[in-house]
Amino acid sequence: MVPNEAIESMKKTPSLVAHLIAETNNEQLDATDEKSWSTRTILAHLRDTEIYEFRLSIERLVAEDSPTLYFWEPEKWEAERSSHRDSKEQILVDFALQRQASIALLQSLTSKQCARKGMVGNKEINVLTIVNWWAQHDLSHIEQMEVTLGETVADAQSRQLKKGNLSD
């Protein structure tokens with residue numbers, strides 16, 4: 001079974017991200033220092049990796065015998081990605097819905113399914129390895145957005161609470 005701590009952490013990510021960017025405008029979402037992605041690009045990355053990398057990899061590990069899994073090179077993903085669903089609202093809704101589907105999948109897995117193995121490059125991994133990568137991926141991108149926006153999630157939530165705008 002997938003550890004409950006990982007699932008609980010992953011459940012929080014859509015809400016944390018939504019609080020962080022709730023009051024941002026398009027200029028703030030698209031700001032970048034030329035060395036890192038904009039907040040909008042990070043949001044799209046979270047959504048896309050949810051659908052096309054992490055959850056798909058788990059589904060393949062459960063369904064196939066020793067599949068070879070593929071994860072995008074970030075620069076290649078960015079250059080080739082579709083940006084037609086990149087409004088703040090659309091990304092947040094897509095990400096939250098996709099995360100719900102992912103959590104449902106993770107909660108349904110048995111210990112035997114979690115031990116199933118596959119390959120990423122020349123490295124053997126299992127479901128729990130991917131779940132650990134996934135949870136760390138969330139945290140690292142939240143931190144990246146906080147740096148880009150110059151505000152922590154806690155700061156944004158505190159400000160919203162003072163305004164009476166905080167909700168889950």
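1. A salt bridge is taken here as a side-chain nitrogen of Lys or Arg within 4 Å of a carboxyl oxygen of Asp or Glu. Arg-47, Asp-48, Arg-81, Arg-85, Asp-86 and Asp-94 are joined by such bridges into a network. By this rule the count comes to 15 salt bridges.

2. Basis of the note. The structure is a predicted model, in which local features need pLDDT of at least 70 and side-chain atom pairs count only at pLDDT 80 or more, whereas totals for chains, interfaces and linings use all residues. Residues are numbered from 1 along each chain as its sequence is written, and side-chain values use heavy atoms, with hydrogens and water left out.

3. Arg-85 forms a salt bridge with Asp-94, and the closest N and O atoms of the two are 3.4 Å apart. Accessibility is classed as buried (under 20% relative accessible area), exposed (over 50%) or partly exposed (in between), with a 1.4 Å probe and protein chains only. Arg-85 is partly exposed at 27% relative accessibility, whereas Asp-94 is buried at 14%.

4. Lys-11 pairs with Glu-8, with 3.2 Å between the closest N and O atoms. Helices (H or I, at least four residues) and strands (E, at least two) are DSSP runs, numbered from the N terminus. Both residues belong to helix H1 (residues 4–21) and stand three residues apart, about one turn of the helix. Lys-11 is partly exposed, with a relative accessible area of 39%; Glu-8 is also partly exposed, at 30%.

5. The side chains of Glu-23 and Arg-159 meet in a salt bridge at 2.5 Å, N to O. Glu-23 lies in the loop between H1 and helix H2 (26–30) and Arg-159 in helix H8 (residues 153–163), so the pair ties together parts that are 136 residues apart in sequence. Glu-23 is partly exposed at 33% relative accessibility, as is Arg-159 with a relative accessible area of 27%.

6. Ser-38 is located in the loop between H2 and helix H3 (39–63) and counts as buried, at 8% relative accessibility. A polar contact is a pair of N or O atoms within 3.5 Å; within protein, one must be able to donate a hydrogen and the other to accept it, and residues adjacent in sequence count only if both atoms are side-chain atoms. The side chain of Ser-38 makes such a contact with the side chain of Thr-41, at 3.0 Å. With neighbours within four places in sequence left aside, Ser-38 is in contact (heavy atoms within 4.5 Å) with Leu-29, Asp-30, Ala-31 and Thr-32.

7. Asp-30. This residue is placed in helix H2 and is partly exposed at 40% relative accessibility. Its side chain makes a polar contact of 2.6 Å with the side chain of Arg-40. Not counting residues up to four places away in sequence, Asp-30 touches Ser-38 and Arg-40.

8. Ala-44. Helix H3 holds Ala-44, a buried residue at 0% relative accessibility. Apart from neighbours within four places in sequence, Ala-44 is in contact with Trp-77, Arg-81, Asp-86 and Ile-91. Of these, Arg-81 and Asp-86 also belong to the salt-bridge network. The C-alpha atoms of Ala-44 and Ser-83 are separated by 8.1 Å, and the two residues are 39 apart along the chain.

9. The largest pocket. On a 1 Å grid over the protein atoms alone, a pocket is an open set of points where a 1.4 Å probe fits, with protein on both sides within 12 Å along at least five of seven lines; lining residues have an atom within 4 Å of a point. Grid points are joined across faces, edges and corners, and a volume is the space filled by probe spheres set on the points. The largest pocket has a volume of about 200 Å³. Its lining includes His-45, Trp-77, His-137 and His-141. H3, helix H4 (74–80) and helix H7 (127–149) each supply at least two lining residues, and the largest share, four residues, comes from H3.

10. A backbone point. Ser-66 has a phi near 45°, a positive value in a residue other than glycine. Ser-66 sits in the loop between H3 and strand E1 (68–69) and is exposed, with a relative accessible area of 52%.
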